[in-house]
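Please open the model in your viewer and keep the sequence panel beside it.

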Amino acid sequence: MKKIEAIIKPFKLDDVREALTEAGISGLTVTEVRGYGRQKGHTETYRGAEYKVDFLPKIKLEIVLIDDQVERCIEVIIAKANSGKIGDGKIFVFDVERAIRIRTSEEGDDAV
C-alpha cells in the first residue's frame with residue numbers, strides 16, 4: 001500500500017476530486033494548509049496599502065491506495081491540478097506499513 005500526499009491550489013480541488021472518483025479512486029482526506037515553495041509568497045494591495053503574503057493557501061490531499069492504483073492516481077492529479085503556472089504543487093508517495101479499519105478490524109488492502 002502507498003500513501004499519496006498532494007499539495008494543490010484550492011481552486012483545483014473539485015476537478016481533482018471528480019477525476020479521482022471517475023478513475024475509481026475513493027476515500028481521501030482534504031486539509032486546508034498554508035505554505036510556500038519556490039514562489040516564496042507574493043505581494044498584495046489592500047485599501048491602498050501593499051503587504052507581503054508569505055504563506056499561500058493550499059489544499060493537501062491524503063490518499064491511501066493499493067499499489068495497483070498509485071500510478072493512475074498520480075496521473076489524474078497531475079492532469080487536473082496542472083495550470084502550467086508556478087505554485088501548482090507537489091505530490092509525495094510514501095509506503096504504508098499497515099492499515100486497519102476500526103469498525104471491522106480488517107487489515108491491509110481490505111481496510112482501504
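Predicted model: local features only at pLDDT ≥ 70, side-chain atom pairs only at ≥ 80, totals over all residues.

**First stop: the largest pocket**

Begin with the largest pocket, which holds about 280 Å³ of space. Select Tyr-36, Gly-37, Lys-58, Gly-89 and Lys-90, which are the closest to its centre among the 14 residues that line this pocket. The elements that give two or more residues to this lining are E2 and E6, and E2 gives the most, with 3 residues.

Now show the cartoon and look for the open sheet of 4 strands, whose order is E2-E5-E1-E6 and whose pairing is antiparallel. Select residues 29-35 for strand E2 and 89-95 for strand E6: these two stand at the edges, and because each has a single partner strand, one side of each is left without a neighbour in the sheet. On average, neighbouring strands of this sheet are turned by 20° against each other, direction ignored.

Next, select residues 2-8, which form strand E1, and follow the 7 bridges that join E1 to E6, two strands that run antiparallel. Within this pair, pick Glu-5 and look across to Phe-92 in E6, which stands opposite.

Select residues 13-22 to bring up helix H1, which lies across E1, E2 and strand E5 (56-65), and which runs at about 10° to E5. Then select residues 70-81 for helix H2, which packs on the sheet and touches E1, E5 and E6, while its direction makes about 5° with that of E1.

**Last stop: the second largest pocket**

Which residues line the second largest pocket? Select Lys-3, Ser-26, Gly-27, Leu-28, Thr-29, Glu-62, Ile-63, Val-64, Ala-99, Ile-100, Ala-111 and Val-112, and you have its lining. The volume of the second largest pocket is about 170 Å³. Strand E5 gives the most to this lining, with 3 residues, and, sorted by class, the lining of the second largest pocket has 7 nonpolar, 3 polar and 2 charged residues.

Terms used:
Residues numbered from 1 in each chain as written. Heavy atoms only, no water. Pairing = 2+ DSSP bridges. Axes fitted to C-alpha atoms, helices over the stretch in contact; angles between N-to-C directions. Contact = heavy atoms within 4.5 Å. 1 Å grid on protein atoms, 1.4 Å probe; cavity = no way out; pocket = protein on both sides within 12 Å on 5 of 7 lines; lining within 4 Å. Points joined across faces, edges and corners; volume = space filled by probe spheres on them. Nonpolar A, V, L, I, M, F, W, Y, C, P; charged D, E, K, R; others polar.
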